[in-house]
Amino acid sequence: MKGNVYLLLRQGGWEARATIAPEVDEAYWFGRTAAKQEEDCPSRQGRREESCGGDAVEAWLYKEELPWGQACLAADLWNSQQRGAAGRAGPGRQHPFQRLARLVAELQELDGRRQSPGIAREARQQLACRWGERSRGAAVSEETAGLAQLAAGLLQGRALLGCEARDLLVGAAGPGAGSSWSGALQLLSLLGQARLAGAVAAGDGGRRAAGELRCRRCGSGGVCLRRTRCYACGRMCAYCEACLMMGRSRECELFVTGVYTPSDAVGKLFCDQARMGRSHNISTGKAWGLSPAQEAAAAQALHFIELKLQQRSVMDASGVVSTNGEQPQPCPDRDFSHDQQQTVPVRHLGQDQLLKTSTRSSLKQHLQPHSLISRFTQKLFSSLLPNREEWAHYFLLWAVTGAGKTEMIFPLVETVLARGGRVLIASPRRDVVIELDPRLRKAFPEASVVTLYGGSEQRWERGSITLSTTHQLFRFHQAFDLVVIDELDAFPYHGDPMLHYAAGKCGLPGGPTVLLSATPPREMQAAAKSGRLAHARVPVRFHRHPLPVPRLVASPPVAVMLAGRKAPPVLLKALRESIQRGAQCFVFVQRISQTEGMAALLAKALPCRHVAATSSQDPERAEKVKRFRACDIRVLVTTTILERGVTIPRSDVYILDADGRLFDEASLVQMAGRAGRSADDPFGRVAFFAKERNESQLRAVRHIAGMNKAARRQGYLR
Amino acid sequence: MNSGWIQLASRLARGLLHKSMELLAPAPAECLVCSKPKRAGRNRDGLLPYGYPELPLLAASLCSSCLKAIPWMRRIVCPVCGRGVHCDDCSRRSERAFMINRSAVAYNPAMREWLALYKYRGQERLAPMLGEMLLPACWLLMRQMGGKGWDFVTYVPISEERAMERGFNQAEEIAGHIAGKLGLKVVRTLKRTRHAGKMSFKTRRERISEAKTLFKMDEQSSRYIRQMAMERGREIRILLVDDIYTTGSTAEACAYAIQEGSGGAAAIYVATWARS
Ligand SMILES: [Zn+2]
Ligand SMILES: [Zn+2]
Ligand SMILES: [Zn+2]
Ligand SMILES: [Zn+2]
């Protein structure tokens, strides 16, 4: 993708802007249709301001097309320089355009494209094109304007690569859109309905280091980026390897984020609602058939959400959202101030310092190609978990395994939907998403539910409820009034900063995010306990019986059992008892390679023949789980792959090598949570078999016993 | 089968590689193709057809199961295109603009996936490894040539439109890596005049005649080759690189364009990554 840069004089100051369709900019600022376009765009109606288009005095287009990333960078750098110069005496004697030409030449020189920067006056005359009086005839075509209107709807809350946006528009408007899509996007960006940036570009403020390149879609930087020679832009161009599977994000690729403007009702009605107080919450709880513990936690979460939405609407009204400490800039998007961060042309924090002198060397540093050191030899960039202040928008719903989390989020979803808001429910696991779909459709028959996972057909649809795997969240940007993230501690979400980044940017700024977990990561538990993170605990299962507390049994390691071809009598005795009482047995081992051997060993020693093994590498896993559920298999030897999600009514859990490195507190608690799930058999048996008692086992036991104690204290137990 | 030539060639390649190895990053802990963790220090002899000191990058980039999955073209039946079974395309075609083709691997579903990962997904990290995989095919070619090497390497170009879309030309990148290993330079000789239309609707004859005008050599390259031929007093041997050899019509069209442009002063040998 290529783009242009131009300088615009309005409201007494110059600003640089990057564009993918300069003819649209010319028409917008100087053409006769400027006023008309303004009326076409529904969201601008009633907020008309004279500044829209009409106040432009003069503009200079740099005629040479630049790689899109470079065009954006040039505009950003020019604006930073301009701001830096404004404080000093006069912006210099040079014509602003000459400074732009020099900046572009410097950038090109750093890419090795030119031997000497062509700052000469002749060069300026060759490359400059003036807009002004003579541009009165310029116009945006009907077709482009129509497509822009369509695109405004389609792109709401989306974060797409240029090629994806083009495919989306062509798919919706027909092949005719193939030529006018870029004009339409440019018009949207002028109207503040979309932001156009480079897909891989220098980080934008916040906690990011200045000048460091990052993929805007997945947040990766450093060793995840790779520079290669690129035909599309003719330079050494960086692309992101981390999110390659979703299409290639690179420096010269366009990154489009569509603005989602929440309905005013979302915040305003909440003020009335909040006055109604608890009575409303409780009736909501009853309507969903919640247990007292579920209801209490849901009420707390509901209160939190109401508060956050209300705060956000107040902030919107006063127009002082400023998440990265930026001063509001005079810009054409001023009336979209609820989203200042998004619609202000990117200005990186720290670039001011970087460019104070604008020496060649600092620029060079800024653009140095990343070394080709393998990303595997360096650790991933530091965790993007929220810091202290950012916890403010999170609510942790800490519910034990089998507590009925899904029911608890129904009232939260309902309350947002009732106000015309949009809800996202995300889970790292695809099977959870697929399973939630019918339950939500049943609970909210009126709502439009869109379910997204790899290979789902609703990829471009937009509903009031979006169900998604965390991997699909990359394609959203500030798109939801409420975000609910399920099993945030589960693989692959846990420990993947990319997915944290995606989840962090899909909600509206300042909007509430509810996290669901039975085993929150340690740092989150600490934040909750110290009161920094709002939370509610649900210490009891929906059937109101205590959680089975694991028994600690001394036993030899699995490796020894396999080598000696002998299972210890304690294990066999326990399994026999379980089979006799009619329970299904989960036997967890550490390694995939141990599953088959262990199953063979047990099959030989146990009276029943129905012993099987499965793992993540077993193609028949789904089939075996089905047979286990149907009691066709009585003992299933498996790895942590089944630690979550599979719920068998009458089941006992035996964890071998419980002192192993791969079983931490969270996974021990999750595995133990497979037992006693149904009201018919609430007292399943759980045992940890290990040579040693280690910290993880003791913590897991303490965790479970602590939950039972809390449940008893609060009177939730039957 | 292991004549002196392979040994000589591989010694040559090893020498060159040791120099370039210094520039390489330490071996990644994960397999480049399947991302599974690699076991370091495992004895992986016998996984590569030529022993892996000759293909160090490949051995360092892949896990054992991916290495094992490579369907090397070991059996050659058709002397022209290097195919493992008898082929009609070559026996029917009486005159050819290129000498012979040798391919590195058979284009099976696994290789299709690897190439797609590189070519369509854009995982350019694979390029050096894919380039190295072409090395055995080049040794075979050299042996067929009686030990003579090439004067330079060139590649099959892609259309402007594709280049813009994809950002790189896979054949050019592979050519660059193989040239580095052979100690030769890469020369851009050809331009693609247009997109190939829907080939399946045309007859064989139409396809062949149409393909002949698909590529064009520029004036500069033409002069370059003629001059080189004059200086060296012999025909110029060129290695033409592409990713896949299917019917051979692309290789034929490129070779034809080079022959036309250079006035027959060139002998063109084709090395392709995969043979379908
Ligand atoms: Zn590029
Ligand atoms: Zn990325
Ligand atoms: Zn592999
Ligand atoms: Zn043949």
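Mentor: A:Q193 sits in the loop between helix 8 (177–190) and strand 6 (194–198) of chain A; helices (H or I, at least four residues) and strands (E, at least two) are DSSP runs numbered from the N terminus. This is a predicted model, in which local features need pLDDT of at least 70, side-chain atom pairs count only at pLDDT 80 or more, and totals for chains, interfaces and linings use all residues. Residues are numbered from 1 along each chain as its sequence is written, chains are lettered from A and ligands numbered from 1 in the order in which they are written, and side-chain values use heavy atoms, with hydrogens and water left out.

Trainee: Why does A:Q193 count as buried?
Mentor: Buried means under 20% relative accessible area, exposed over 50%, and partly exposed in between (1.4 Å probe, protein chains only). A:Q193 has 9% relative accessibility, so it counts as buried. Its C-alpha atom is separated by 6.1 Å from that of A:G258, 65 residues apart along the chain.

Trainee: How much of chain A counts as buried?
Mentor: Of its 718 residues, 60% do. Chain A has 24 helices and 24 strands.

Trainee: How many disulfides does a search of the whole structure find?
Mentor: Zero, over all chains; a disulfide is a pair of cysteine sulfur atoms within 2.5 Å. For A:C72, the nearest cysteine sulfur is that of A:C252, 11 Å away, and A:C72 is in no disulfide. A:C129 is in no disulfide either, with the sulfur of A:C72 as its nearest, 20 Å away.

Trainee: Why do A:C72 and A:C129 get their accessibility labels?
Mentor: A:C72 has 12% relative accessibility, so it counts as buried. A:C129 has 25%, so it counts as partly exposed.

Trainee: What makes helix 7 and helix 9 of chain B oblique to each other?
Mentor: The axes of helix 7 (residues 135–144) and helix 9 (residues 170–182) of chain B come within 11 Å and cross at roughly 60°. Angles under 35 degrees count as roughly parallel, over 145 as roughly antiparallel, 65 to 115 as roughly perpendicular and the rest as oblique. Helix 7 and helix 9 of chain B are therefore oblique.

Trainee: Which residues meet there?
Mentor: B:L135, B:C138 and B:M142 in helix 7 of chain B meet B:I178, B:K181 and B:L182 in helix 9 of chain B, where contact means heavy atoms within 4.5 Å.

Technical notes. Axes are lines fitted to C-alpha atoms, for helices over the stretch in contact, and angles run from 0 to 180 degrees between N-to-C directions.
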